[in-house]
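Biologist: Can you take me through this one? I'd like to start with helix packing and then look at some strands.

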Amino acid sequence: MKALRFERSIARFAAANLASRLNPGGGAKVGPLRLRDIDPPQLPGDDWVEVLPRLAGICGSDLAAIDARSSRYFEPIVSFPFVPGHEVVADLATPIGHLGAGRVVIEPVLGCVTRGIDPVCTACARGDLGNCERIAFGAIEPGLQSGFCCDTGGGWSTRMIAHVSQLHAVPETFSDEAAVMVEPTACAVHGALAADVAEGDLVVVLGSGALGLLTIAALRRFGRPCTIMAVAKHPTQHRLALELGADSVVLPHELTRAVRRASGSLALGDGDIIRLTGGADHVIDCVGSEESLTEALGVVRPKGRITMVGMPGQVSVDLTGLWQREITLAGAYAYGTETLPTGQRHRTFDLAFELVEAADLGRLVSATYPLSQFETAISHAAAAGARGAVRIAFDLRNEKERNRA
Amino acid sequence: MARMPINRSQTTSVMKRLPINRVVANTVGRTSASVGRIARSVLREPTVPAGVHKEQKVSTVGANYDTDWARNYPARFARLLVRTIVIKPIVEALASPTIIGADRLADIDGPVIFTANHRSHADTPLMMTAVPEPWRDRLFIGAAADYWFTNRISSPFSALVIGAIPVERKKVSRTAIDTSLELLAEGWSMLIFPEGARSPDGWAQEFTAGAAFLAIKSGVPVVPVFLIGTDEVWPKGSKLPKRAEATVVFGSPITALPTEDNRSFARRIEGAVAMVADEQSTDWWQAQRRAAAGTTPSLQGPPAASWRRSWARSEPRRSGGRRTWPSV
Amino acid sequence: MPRPGFVLDVDRSTPPILFHHGEGFRLERLPAGRSRVIYPAEPIEPLKNPDAAIRHALVNPIGDSEPLTALLKPGMKLTIAFDDISLPLPPMKRPDIRQRVIEAVLELAAAAGVDDVMLIAALALHRRMTEAELRHAVGDRVYDAFAPQGLLLNHDAEDPDNLLFIGTTEKGEEVEINKRAAESDLIIYVNINLVSMDGGWKSTATGLASYRSLRHHHNVRTMQHSRSFMDRHASELHSANWRMGKVLKDSGVKVFQIETTMNNNVFGTEGPMSVLQKREWEWSLSDRISMAGMKTALDLMPQRTRRQIFQNWQAPHAMTSVQAGEVEAVHELTTANVYKQHLVPVEGQTDIMTMGLPYISPYNVNSILNPILVACLGLGYFFNLYRGKPPVREGGVLIMSHPTPWEFHPVHHPSYIDFFEQVLSETTDPIRIEAEFEKSFAEDEWYRHLYRTSHAYHGVHPFYMWYWCSHALQHLGQVIIVGGDVRAVRRLGFKPASTLQDALEMASDVVGRDATITHIHNPPILMADVH
């Protein structure tokens, strides 16, 4: 079958890293991602099924991997060679029980259940699949998610496999675009709820790419009522941020002053502000870079909270402010089960389905590409903001071999 | 009478020992002897026979030195060059002068008489560089005839480089007055040190009436000037100047009232210089109030023994408070 | 003999006209047959002996007032208030008029035995003056005598302990001024009347006031009813100040007003800058060489250097009159003297008005002319330099020429940055801005801190800049800026054009083709007397 495969080649890694410095997304051409004809993955057991991806999204973490910019942290929890693609809406190859013959969305985290581990670890027992302690153990190779594991395959191909526990049925009313947005929306929902915003808080959302916009929507719908200030560089992002529920949108260089006025804080330095003495109650960082983290530390109030939803890497940040102002810095990864402010518990994906429908998030898929145009697709995704796009996805529906038996 | 260092016989004996033609040696010996003879006749003063009264030559140096040539264009240009290329850099290097109050001269049209206190030789070159345009280029200085115009070397030097005219210290000679009035009428400004001499202990001496007289006669305004620090740059009695900081303070110009005579105007000039001095040691407002109340401290210092006078002079100037942070 | 101002009808032989363009110049051709250029009068001869004139004025007062010598008594409390750095424009060469007047006043005070003297820069909600700026204004002698003892101060309108509420006018306007001044036996106000807006009761009632007082006349309604604020008799701004002056007078605050006027010799009559004051057809060869040389040199320089060169210019404008005594009587005389230099008779209005904006306004001395100040300079000051009617008709178009950089001085204008980024992005309507945003800016603690301790304009000041444009915004149909930063111009709510020709093309949508044009050849300052 045709697939984009991420192969382990030191030389290619180096080349990708260099190329990406000149041009984000440039790693696609020279890097470890290759378009191949490979054998489809084998089913490791009865509780696994084959699925045929229809659309598969390109996420920020995928881009980091392609440009060989991911942290070495991932080495033990990723197995080469793998097919990327963890935001997947797919057809079932053969109908299964309650799911019928319809479409499914895959919840990519490979926890204890998918790995055949019994009894499950405490995190999986709680429903916090993202915190599973067995992601490198069990019946399948190490891999934190489908799309990073050599045994499961991934969305950027015509066939992959999934454990039945990973499958969520897609309602008839959902378009494919809407369905492919469910997984990223789930990340955003989890991050928004992890921040645990109190009523009336001032929340700054850094980054208005897909993750930032989805976080704004999630905050608006599921969080307690609060004031959301979004930071957006590009006009499309500006417009969407307001539509999805932000109260105000500012340019990056205006942020400090805007937060100062909104929070009524004073500032150090004369008119040339050095930093604020007060600040926002919450900052949700949907970028994950050195600059965004420094910015977050600069605009959050003492005893405030920074929630990192965007994946960072190895960054160098002055943490004196964190200590002196008693700031909480917390990560938010993936999804599992959420407790809403009302006290009810839901699986994150269920909340994500709800949000995708309510806010019509399918429109955020700005363009799709076939596998053969993967280089264009990657460079479009890497420059999405500037090019007025939000989410780019691979379209597998027209691949010839897909429809063969 | 000069003696030739070598006589004919010595010459010939030296010549004999040198490997030269005897004829040449003899010729050289004869020539040197005749040169010596001619020189002696020129340089020796003739003796005066008895019974004849030799006329006394009128000295053309000293108070009678004619300085007109020093005020024509080539001389003025030369003075400008000397002032710019030689004097100014030296003054700036030695005295790092600060000039205060020059804006008070902004509205004056025509020449003025600058009256300054006198403490050292550095006063004159400092004034020459500190006086602003346009008075600087047409400035003449009344300088002591017995110091600056002693001989035929110092006279032209003083006239050219300083632009001085000779003035006698104690009596006011006719020529000095006439020259000064003529020059003032032609638009030349004058610099004069009314004390007459440099102060022995730093305090001023009584201002003589020369400046007052000239001001009244010519109708030209007087600008009081107070010089600070020049006695440290070139103390009276030391051979060479040294580095120190000097300040030139210009006061508001004053004009003689119709009711004033030389004496009273001279006292007023001294008072004006005293007020300028008071401004510098306290501040302008204090000086104004003390002048209005008649309590400006005298330039001549406290009536006390010399050490106490020196002591009082060296009292530190009052400095204003400063904030810890530099102002923007 | 200085020639009066006049109106030139542009024909085909008219050479290109000089437009100021920030720190630079443009030469523009105006369409022949339907354009006119209003030229200012040549500078009036200044006083030959300003110090003597000042001394004479102090002892020969105008109106119901004793001579100053009679008003100064030993043991009295005296406050001398003087105009701040917004005057004169550009800053003048030393000695400044204020220095001359204050020294003359203090000489009389010293002779009268007055000891308790305080000097206050009457800056209302403007920024505090720096040491160098104060030295330039009052001279080193006065500065060194008073500043070290804390007797020379910047007025602090946010110091609750140094404000005194005096009373209310018949229209309910609160009068609150500097406490030290209010409690003095005499306030001597040292004024420079650069334009006919300055002086009179505005000196004390605005210059020494607080926000509580100022908001009653620094608002949209007052500015819309000031047509123009350069003409006291048609200006609601001045009526309000005069009402406040009456409250001051009635409460016993005694003011001895010293007003001075200046000629408009901004660039000098000789020297390389004098070409900017000469009529274009009278430019000699050396003038043309100067002009070409200046333009080329300026184009090659970086913006910072250009700005430094212009901000360092000290103009040779000089005093033309001085009068002292009772506030209102003195001011009538001063205004007449100002008009003598500025007024140019103009017949009728045109469809379009053009103006070239220079690098300086009252609020950016030694600073940056940010976009809000560009708007205020053009639509506020230059537009309102008229008596009778504006030179452009109602619904007409205003075309201004200025680079309008999106640049702000963070120390001087911090609240302007927030106003531009956060308020103007919401709305440019002065009425909405006043209703929704003024209070939060006026009461913001940080702006207050910067106003009191740094050198920043008060938090509410950018609003006043915007209100200053109210009358023009109501009157005009469209505003176009030529050669400005496109994003900044759009944020202001105006239209950007790259050349004057494009601007005239755009204007034709509003006023039709063959529209008539007036160009105001300002600076040097002129005031159109329109019939």
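Predicted model: local features only at pLDDT ≥ 70, side-chain atom pairs only at ≥ 80, totals over all residues.

Biologist: Fine. At what angle do H9(A) and H10(A) pack?

Modeller: Helix H9 (residues 255–263) of chain A packs on helix H10 (residues 290–299) of chain A at about 25 degrees, and their axes are 10 Å apart. That makes the two helices, H9(A) and H10(A), roughly parallel. Their crossing is right-handed.

Biologist: Which residues of H9(A) and H10(A) meet there?

Modeller: From H9(A) there are Leu255(A), Thr256(A) and Val259(A), and they meet Glu295(A), Gly298(A) and Val299(A) of H10(A). That contact of H9(A) with H10(A) has three nonpolar residues, two polar and one charged.

Biologist: Other pair. How do the axes of H3(C) and H4(C) cross?

Modeller: Helix H3 (residues 97–111) of chain C and helix H4 (residues 131–146) of chain C cross at roughly 40 degrees, and their axes come within 6 Å. Roughly parallel stops at angles under 35 degrees, so H3(C) and H4(C) are oblique to each other.

Biologist: And which residues meet between H3(C) and H4(C)?

Modeller: On the H3(C) side, Arg98(C), Gln99(C), Ile102(C), Glu103(C) and Leu106(C); on the H4(C) side, Ala137(C), Val138(C), Gly139(C) and Val142(C). Five residues in the contact of H3(C) with H4(C) are nonpolar, two are polar and two are charged.

Biologist: Strands now. Is S19(A) mostly covered or exposed?

Modeller: Covered: strand S19 (residues 391–395) of chain A has five of its five residues buried. Arg391(A), Ala393(A) and Asp395(A) point one way, while Ile392(A) and Phe394(A) point the other.

Biologist: Which strands does S19(A) pair with?

Modeller: Strand S3 (residues 48–57) of chain A pairs with S19(A) in the antiparallel sense over three bridges, with Leu55(A) opposite Asp395(A). Strand S18 (residues 365–369) of chain A runs parallel to S19(A) and is joined to it by four bridges. There Tyr369(A) stands opposite Phe394(A).

Biologist: What about S6(C), how many of its residues are buried?

Modeller: Strand S6 (residues 116–122) of chain C has five of its seven residues buried, so the rest of the structure largely encloses it. S6(C) pairs with strand S5 (residues 77–83) of chain C, parallel, over seven bridges. Ile80(C) is opposite Leu119(C) in that strand, S6(C).

Biologist: Last one. How many residues does each of chains A and C put into their contact?

Modeller: Chain A gives 10 residues and chain C gives 13 residues. On the side of chain A that touches chain C, H9(A) supplies the largest share, four residues. By class, that side of chain A has three nonpolar, one polar and six charged residues.

Technical notes: Residues numbered from 1 in each chain as written. Chains lettered and ligands numbered in written order. Axes fitted to C-alpha atoms, helices over the stretch in contact; angles between N-to-C directions. Parallel < 35°, antiparallel > 145°, perpendicular 65-115°, else oblique. Left-handed = near helix turned anticlockwise from the far one by under 90°. Contact = placed C-beta atoms within 7 Å. Nonpolar A, V, L, I, M, F, W, Y, C, P; charged D, E, K, R; others polar. Buried ≥ 20, exposed ≤ 12 C-beta atoms within 10 Å, placed from the backbone. Pairing = 2+ DSSP bridges.
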